[in-house]
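Reader: Hi! I'd like a close look at a single part of this model, with the cut-offs spelled out as you go.

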Amino acid sequence: TIAPEHNSGAITADRLERALTRLMNLGGHTALPVETLEAHCESDKQLSKICKERADIKASLAETAVFFTHHGREFLTTSSCYARDKWIADQLQYRISQPHHGGFPELPSVSQRLIPQQKLPYAALCANPNSLLIGPPGTGKTFIIDALVKTAMAHDPSIKVRLAAPTAKAASRLTEAVGIEATTIHRLLGSKGPQGWTHHFRNQLDCDLLIIDELSMVDAYLF
């Protein structure tokens, strides 16, 4: 029998793309330094014979990956990841450019319960609720969220507050800490499985203040 002809270039590109995706998934990354993929190629018997230089990697992935430079270092990502992340970045830029909620005046009765390290982020959230609160474990992020919710409800008892978290356990902790029922993000948005979501940018949630806890656990697709 005669062995069928194979396009070695296509095989190399497919193998490289699978390696890139696997390496990104292992670390939870949306992009990788090019030298990381180069090191993988050197350790792979088949790829090491074909991809001997960075130019070989670029040529093989020219149609399926995006290369870019960040702070003088070269990175790459899959075309699908790049398109998804660019969409997220564009949406964030758009929302930043739009008028945001005027915020809430700080309440002395709430502020005095906070330690000095918590008062600054509390003040920042009151000034602009459209913010991201970050910090290591044990610094009182949930306590600050509770302070913001109490402040908002004190100024406007009719305000619609919704709380959500990536997991049921995190949602339960948030409910206990704030005293308002929190749900999972999937339940909040009305997940319909393969059919999509009940709520999205064309059918937004009916709420005035939305707080998502443990946002670092949310993957880019759900974000």
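Author: Happy to! A word on the ground rules: this is a predicted model, in which local features need pLDDT of at least 70 and side-chain atom pairs count only at pLDDT 80 or more, while totals for chains, interfaces and linings use all residues. Residues are numbered from 1 along each chain as its sequence is written, and side-chain values use heavy atoms, with hydrogens and water left out.

Leu92 lies in helix 5. Helices here are DSSP runs of H or I with at least four residues, strands are runs of E with at least two, and both are numbered from the N terminus. Leu92 counts as partly exposed because its relative accessibility is 41%; buried means under 20% relative accessible area, exposed means over 50%, and partly exposed is in between, with a 1.4 Å probe and protein chains only.

Now for what the helix rests against. Helix 5 (residues 79–97) lies across strand 2 and strand 3, and runs at about 100° to strand 3. For that angle, axes are lines fitted to C-alpha atoms, for helices over the stretch in contact, and angles run from 0 to 180 degrees between N-to-C directions; contact means heavy atoms within 4.5 Å.

Strand 2 and strand 3 (residues 73–78) are antiparallel partners, joined over six bridges. Two strands pair if DSSP finds at least two bridges between them. Arg73 in strand 3 is the bridge partner of His70. Both strands belong to an open sheet of three strands, ordered 1-3-2 with antiparallel pairing. Its edge strands are strand 1 (32–33) and strand 2 (65–70), each pairing on one side only. Strands of a sheet pair through backbone hydrogen bonds, either parallel or antiparallel.
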